[in-house]
Amino acid sequence: MSHGPATPLTAHASGPLTGEAHVPGDKSISHRSLILGAMAVGETRVTGLLEGQDVLDTGKAMQAFGATIRQDGDTWVINGVGVGGLMEPEDVIDCGNSGTGVRLLMGAAATHGFAVTYTGDASLRKRPMARVTDPLALFGAVAHGRSKGRLPMTIVGAADPVPARYATPVASAQIKSAVLLAGLNAPGETVVIEREATRDHSERMLRGFGAEIETRDTSEGREITLVGHPELKPQVIAVPRDPSSAAFPVCAALITPGSDVLVPNIGLNPTRAGLFETLRDMGADLTYENAREEGGEPVADLRARFSPDMRGIEVPPARAASMIDEYPVLSVVAANATGTTIMRGVAELRVKECDRIDAMATGLRACGVTVRDGDDWWEVDGRGPGGIEGGATVAVHLDHRIAMSFLCAGFAAKRAITVDDAGPIATSFPIFRPLMEDLGAEFRAEDA
Ligand SMILES: O=C(O)C1=C[C@@H](OP(=O)(O)O)[C@@H](O)[C@H](O)C1
Ligand SMILES: C=C(OP(=O)(O)O)C(=O)O
């Protein structure tokens, strides 16, 4: 439930950053590969799986639910138990730091007639779960959690589930996916309606595994219909590299003088690529090379060069879902641009691994940047290229993206920036430090 003692880390003015950055596999697709592989009949083989702690915790959980998972060289091999075949775990399911892990697992297990107790680290135990247990109740599952729907929580699954129709009040792929995964073991049609399109990996992958699933645009939003009780067929999956991880070497290169970095093979599913569009709108020298399709997903090599002429913009709120995890690092780029960057419609940032608006605003202010914020918005006043003062130690609150964002800020700041704990980076991007060092970034580990 915790990753051990805090490990502070300092980033120094660096650069230029040059070379190729081979970032790990996509976190969202990695979680889903393990969960769907475990619910298929037969052997699913996965290459490029993100071996970050969040995904490893989901793998352990699927083993506890009865699947067999092993590594064969670079390939992860999953022997599934079939839809409806999950077994009652013997112990508490600990999802560590992962919102995606716990919420998708809650969905997958909710239409099985047994109880499961879920927990996680100090960050995950603060995050809202009613957003998932409310729709799962429509299937007949009953949740008993701490007050305000927090973990640890026991969900008594429905022995005789009914299908659900649910319009999500929040734009969240985790809610949508939990409902769809629950719908797998319910009879008839389960329907989810989302007002704003969120990442569609679950829909694409369920279709790939052989489920009958349809998406159509209606006046209420995007309506997804899944037919229950499919037999999921095992797949061979090559996980594309994670655009949310690519964001860090890309943004670091844009703000660090003289940089020219190639980040090959990045998944550019339009429900994920909002950051890169935003950076281009700001005037970043960011190009897509070798654009192609792989495994049904658009993919390209990203080339990012130092961009001293970036301007602040108002980020279109309609783009928020497609870049929700990238706002922290965007705020670092914004601080190195000229003019103000305005980010609205982002209340969800307050319920991630930490309150990301507060964590970034507090840390940026300590580094000399002016930030204004309200419930669902924030604004960063750019100080121009290299304008961040730095010279501060910032708190990351068990949040990998806050840690990586401030370390990237440090490469281009006047004085070094220290994060109080780099440990959480291992949840999504375990090779972050060596990868950035290979590009020319300079770190110094601090005594805790
Ligand atoms: O479904 C997923 O894989 C994810 C959905 C998003 O969360 P929400 O569904 O809470 O928006 C995102 O922030 C998270 O990193 C991964
Ligand atoms: C929000 C994130 O992940 P999760 O919700 O899975 O913890 C993230 O990776 O930025």
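How many Å apart do the C-alpha centres of domain 1 and domain 2 lie? In this predicted model, the separation between the C-alpha centres of the two domains is 29 Å. Within the chain, the domain assignment places residues 9-25 + 240-445 in domain 1 and residues 27-238 in domain 2.

**Domain contact**

- Domain 1 contributes 23 residues to the contact, and domain 2 contributes 26 residues.
- On the side of domain 1 that touches domain 2, ten residues are nonpolar, eight are polar and five are charged.

**Surroundings of ligand 2**

- The residues surrounding ligand 2 are Asp54, Ser98, Gly99, Thr100, Asp325, Lys352, Glu353, Arg401 and Ser428.
- Divided by class, this shell contains five charged and four polar residues, with no nonpolar residue.
- Both domains take part in the shell around ligand 2: domain 1 (9-25 + 240-445) and domain 2 (27-238) each supply at least three residues.

- Strand β8 spans residues 142-146 and strand β9 spans residues 150-156; the two run antiparallel and are joined by five bridges.
- Val142 has Val156 in β9 as its bridge partner.
- Three residues lie between β8 and β9 in this hairpin, and Lys148 in the turn has a positive phi of about 60 degrees.

Conventions: Residues numbered from 1 in each chain as written. Chains lettered and ligands numbered in written order. Predicted model: local features only at pLDDT ≥ 70, side-chain atom pairs only at ≥ 80, totals over all residues. Near = placed C-beta within 6 Å. Nonpolar A, V, L, I, M, F, W, Y, C, P; charged D, E, K, R; others polar. Domains from an automatic or database assignment. Pairing = 2+ DSSP bridges. Helix = DSSP H or I, 4+ residues; strand = E, 2+ residues; numbered from the N terminus. Contact = placed C-beta atoms within 7 Å.
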